[in-house]
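Student: Could you take me through one part of this model closely, and then show how that part sits among its surroundings? I would like the cut-offs along the way, please.

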Amino acid sequence: MTTDRDGRQVRVAEKRGVRVQPDPPQPGFPQNGQPPMPGGPAPWGGGPRPFARPNAAATLVAGYLSLLTAGLLVWFATYNVVYSGGAVGPSSGPVWENVVGGVIAAGLLLLAAVFTFARTMFGVWALYALCMFYVLAILVVQPLAGSTTFGAQFKWVFGFQKSNGIAMGMVIISCILTAITAAIAGLAKSYDSGGR
C-alpha cells in the first residue's frame with residue numbers, strides 16, 4: 001500500500017508498479033480526501049439538495065381555517081344581498097361595497113388555501129398576509145377612512161348583534177387564528193430531499 005498525491009491509499013502491484021483501484025472512501029471523508037467542513041458534510045456531497053416546505057400539520061390547520069374564513073365572508077356578503085332585498089346597484093354604496101369586498105376576499109382566501117394545501121411557502125405566507133390585511137382593513141382602515149369611529153366599529157364587529165355582525169366578528173377571530181397557524185407553518189419548516 002502506498003499513498004498517491006491526493007492522499008488516497010492505493011494498492012500497487014508487486015512486480016510492475018501498476019496502479020490498481022483506490023480503496024473505498026473512509027467514513028467521514030469525501031472522495032477527494034479533504035476532511036469535511038466544520039458544521040456538517042460538504043455541500044457538494046452529491047444527491048439533490050433538500051428544500052424547505054411548510055410544516056404539514058400547521059399547513060392543514062391553516063388551510064381549513066382559511067376555508068372557514070372564506071365561508072364566513074360569503075355569509076357576510078350573502079346577508080348584505082338579502083338585507084338589501086336583492087337591489088344591489090350603484091345607488092346602494094355600502095351594501096355594494098360589502099358584497100363585492102366579501103366575494104373578492106373569499107375568492108382570494110380560497111386561492112391562498114389551494115397553495116397552502118399544496119404545502120408551498122408562497123401559499124402559507126400569502127395566506128398570512130391576506131388574513132393580516134383583512135384584520136387591519138376591518139379594524140383600523142375603515143375607521144380611519146372616516147366612515148365610522150373606532151368605538152362604533154369595535155362595537156359592531158365584537159358586539160355580535162346582527163347576522164352580519166356575527167359573521168364579521170367570526171371573520172376577525174378566524175383570520176387571526178389563520179394568520180397565527182400560517183406563520184407557524186412557515187416558520188416550523190420541514191426539509192424534503194429530492195425534487196417534486
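Tutor: Helices here are DSSP runs of H or I with at least four residues, strands are runs of E with at least two, and both are numbered from the N terminus. The model is a predicted one, where local features need pLDDT of at least 70 and side-chain atom pairs count only at pLDDT 80 or more, while totals for chains, interfaces and linings use all residues. Residues are numbered from 1 along each chain as its sequence is written, and side-chain values use heavy atoms, with hydrogens and water left out.

Now the helix itself. α3 covers residues 121-144, which is 24 residues, and spans 32 Å from its first C-alpha to its last. That is close to the 34 Å expected at 1.5 Å a residue, the expected span being 1.5 Å times one less than the number of residues. The helix has a kink of about 45° centred on A137; the bend at a residue is the angle between axes fitted to the seven residues ending there and the seven starting there.

Which residues of α3 are buried? They are G123, V124, A126, L127, L130, C131, Y134, V135, I138, L139 and P143. Buried means under 20% relative accessible area, exposed over 50%, and partly exposed in between, with a 1.4 Å probe and protein chains only. As background, an α-helix has 3.6 residues a turn, so residues three or four places apart point the same way. The cover over the buried residues of α3 includes α1 (56-83), α2 (93-117), α4 (150-159) and α5 (163-187).

L127 deserves a stop of its own. The largest nonpolar core has 27 residues, and L109 and L127 have the most contacts inside it. Elements giving two or more residues to this core are α1, α2, α3 and α5. Such a core is a set of buried Ala, Val, Leu, Ile, Met, Phe, Trp, Tyr and Cys residues joined through side-chain atoms within 4.5 Å. Setting aside neighbours within four places in sequence, L127 is in contact with A62, S66, L109, A112, T116, T178 and A182, where contact means heavy atoms within 4.5 Å.

Two of the covering helices, α4 and α5, also meet each other. Their axes come within 6 Å and cross at roughly 90°, so α4 is roughly perpendicular to α5. Axes are lines fitted to C-alpha atoms, for helices over the stretch in contact, with angles from 0 to 180 degrees between N-to-C directions. Under 35 degrees counts as roughly parallel, over 145 as roughly antiparallel, 65 to 115 as roughly perpendicular and the rest as oblique. On the α4 side W156, V157 and F158 take part, meeting N164, G165, M168, G169 and I172 of α5. In the loop between α4 and α5 sits F160, which has a positive phi of about 50° although it is not a glycine. F160 is partly exposed, at a relative accessible area of 36%.

Stepping back, the chain has five helices and five strands, in the order β-β-β-β-α-α-α-α-α-β. Of its 196 residues, 32% count as buried.
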